Amino acid sequence: MTAETDRRHMAHALTLARRGLGQVWPNPAVGCVIVAEGRVVGRGHTQAGGRPHAERVALDMAGAAARGATAYVSLEPCAHHGQTPPCAGALAAAGVARVVTALEDPDPRVAGRGHAMLRAAGIAVTTGVLEAEARDLQRGFLTRIAAGRPMVTLKLALSLDGRIATRTGESRWITGPAARRAVHLLRATHDAVLIGGATARGDDPLLTVRDLGIARQPVRIVASAALDLPAGGALARSARAAPLWLVHAPGAPASPWRDLGAETIEVAAGPQGLDLPAMLAALGGRGLTRVLCEGGGRLAAGLLAAGAVDEIVAFSAGLALGAEARPGLGPLGLDRLAAAPRFALAETRVLGPDLMHRWLPA
């Protein structure tokens, strides 16, 4: 196999892996392609809920054709017995002759052991093919393993002058249908959608993915220190229809919400409501890898101040709302430009009459 052939098949595996984003937590989203004599004989990605794993799906498709073939896997095959046997062992048992991976799995239960198991079985192993692309795809999983918290994407829908609502709170709709559809796709590729209590009270959102044919809904999370949320609102009415987690400070009245079907998570109080790093650690401890924060302004500012925003996706609309309208971010307390969180532009896209721009930490 040439290096170019390896990159081409690994790109295929990464494309498959992306199908699992938002669907497979706490597992990583992995893709696998099995190639025999230049022909793809098996392919798969980690299925909803985290199993079966990508390798198992691809091996089942390949059947006997896997013997002597090359398997391209976007992440090192697992080496531990969990709810399924290790994928490294499954590849060896199928008679695969070579395994090409993009990235070593940093999970302490794997961390090179999968590669070692393959080599011990006499399988040729090539690593690091399209590693940068794989690392980008696995940012959520890698952040949870390394930092103990999920990756956080901050979504903003703004007027030209950086406002999210009029002075009376009207915000539907600042952006057009194409941008709103893109937001639903963002929700679908994240494990959870997070908002603050003020947004839950003011907007009464449902926070589900709609019109995309998605069966597995993201977890809906509300950060509200006092749990002073509308008991008859959309979230309360749908608490049993889609997962609803409520993060609150000690002493908040959690029992009524648990009776409705919500999961309540107590974390320490912080200067402006909740201790946000403690909240993210609690979410990471429950297996979340990718969280989409959809506001409001104070929660967004708090996450930025904590250095916990890993990506910003902003949608800008061609209207101006004025200084009296509500800003997209709450106070950051900055006196110097040098202290401001800095981001680098990664992508710009036109969506109907609006602009989407994606930013990564500089």
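Which residues line the second largest cavity? In this predicted model, the lining consists of Ala200, Asp204, Pro205, Leu229, Pro230, Gly233, Ala234, Leu235, Ala236, Leu244, Leu246 and Trp257. The cavity count is two, taking those of 30 Å³ or more.

**Second largest cavity**
- The volume of the second largest cavity is about 70 Å³.
- Helix 9 (234-237) and strand 10 (244-248) each contribute at least two lining residues, and helix 9 has the largest share, with three.
- Its lining comprises ten nonpolar residues, one polar and one charged.

**Largest cavity**
- The largest cavity holds about 80 Å³ of space.
- Its lining has 17 residues, and those nearest the centre are Leu21, Asn27, Ala29, Thr289 and Arg290.
- Helix 6 (residues 139-147) supplies the most to this lining, namely three residues.
- By class, seven of the lining residues are nonpolar, seven polar and three charged.

**Second largest pocket**
- Leu186, Thr189, Arg290, Glu311 and Arg358 are the closest to the pocket centre among its 20 lining residues.
- Two or more lining residues come from each of helix 5 (131-137), strand 6 (151-158), helix 7 (177-188), strand 15 (311-316), strand 17 (343-351) and strand 18 (354-361).
- Nine residues of the pocket lining are nonpolar, three are polar and eight are charged.

How values were computed
Residues are numbered from 1 along each chain as its sequence is written. This is a predicted model: local features need pLDDT of at least 70, side-chain atom pairs count only at pLDDT 80 or more; totals for chains, interfaces and linings use all residues. Side-chain values use heavy atoms; hydrogens and water are left out. On a 1 Å grid over the protein atoms alone, a cavity is a set of points where a 1.4 Å probe fits but cannot get out, and a pocket is an open set with protein on both sides within 12 Å along at least five of seven lines; lining residues have an atom within 4 Å of a point. Helices (H or I, at least four residues) and strands (E, at least two) are DSSP runs, numbered from the N terminus. Ala, Val, Leu, Ile, Met, Phe, Trp, Tyr, Cys and Pro count as nonpolar, Asp, Glu, Lys and Arg as charged, and the others, Gly among them, as polar. Grid points are joined across faces, edges and corners, and a volume is the space filled by probe spheres set on the points.
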